[in-house]
Amino acid sequence: MGTLMKLKDLVQQWKTVLLAVGAVAGVGIFVLLLGTPLFGREVAVVAAPPISGGVVAALMMFEVAKAKGLEHLAVFATMLLVFQGFIGYPLSSIFLTKEARRILASPEMVKEALDNDVKGQTEGDKGAFGFRLPPMPKQYSTDFVLLAKLAVAAYASSLIAGLFNNVIHPLVMSLIVGIICREIGLLEDNIFVKANGLGLAMAGLCAVIFSNLASATPEMVMKLLAPLVGCLALGALGITVVTAILGKILGYSTYMAIPIGLSALYGFPGTFILSHEAAQAVATNDEERKVILHHILPKMLVAGFITVTISSVVLAGIFVKLV
């Protein structure tokens, strides 16, 4: 995950980063403070990270729930992961479509997009630290070599986390190490895709996660239904309130600010698909579609990376200690 995004992109989209972090904080605050009296502290603690992120945050929470013998909460974390998109996708689609219409109605925004379209050249990426190691010769960049490099980085991450008694969760440390290794050129951009290993990895992750549903009984699911709906509603409310307020402060429209926060409920590739669907629905020609995507797509991609990939994992690293 750490190899998916350049630090330079995050700096350029610093307002989006703040909004995305605020959205995840909003989920944590609303679910913990309002969910605790309604559904109990353990339910609220386990619920917040999966709502604010994706597979990794859910994995961290149901691992700790299973370790403490709370089988029903491990199932609960999995259910949240399955159902969160039912709120995130339709709401984001509505807001992004409204934002697309707002963009086309603004001559300044259209002009800015057309002007920036000319500057699409890439100037060699030197990384955030001012240098990058030269790329590995093509003949050695086989799938197996790339996966081996990834394995070494993952093992180093777990060793580093162990040096600090896992105060920083090993998965959070893996994320940090991945970002640094990508910036200095030790790991390639989006290395799992380049190694043709993403499909297998996701299948393995999903197998681990959804195997927990085998221990779910109909009675358990019925008992968890009210906390499921309630926690998802509280999470969506936290995202909406925080991003609407922060968006006003940072100069983003409400139509753009709220989907940035809602990206926590689905992440990539949902951020990519919804942006293109909004542009397709509103644009009448290719130029208008490009103008809309110029304003929406970078924000949504960065938002999904920050919410699902970084902030939710950090939140889960904090919340595992509260279970």
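Q: How many disulfides does the count come to here?
A: A disulfide is a covalent bond between the sulfur atoms of two cysteines. The rule is a pair of cysteine sulfur atoms within 2.5 Å, and by it the count is zero. Bear in mind that this is a predicted model, where local features need pLDDT of at least 70 and side-chain atom pairs count only at pLDDT 80 or more, while totals for chains, interfaces and linings use all residues. Residues are numbered from 1 along each chain as its sequence is written, and side-chain values use heavy atoms, leaving out hydrogens and water.

Q: Are C181 and C231 buried or exposed?
A: Buried means under 20% relative accessible area, exposed over 50%, partly exposed in between (1.4 Å probe, protein chains only). C181 has 12%, so it is buried; C231, at 0%, is buried too.

Q: What does E99 touch?
A: Contact means heavy atoms within 4.5 Å. Leaving aside residues up to four places away in sequence, E99 touches S253, Y255, M256 and I296. E99 counts as buried because its relative accessibility is 3%.

Q: Which residues touch the most other members of the largest nonpolar core?
A: Such a core is a set of buried Ala, Val, Leu, Ile, Met, Phe, Trp, Tyr and Cys residues joined through side-chain atoms within 4.5 Å. Among its 78 residues, they are V31, I51, M61, F76, I260, I296 and I306.
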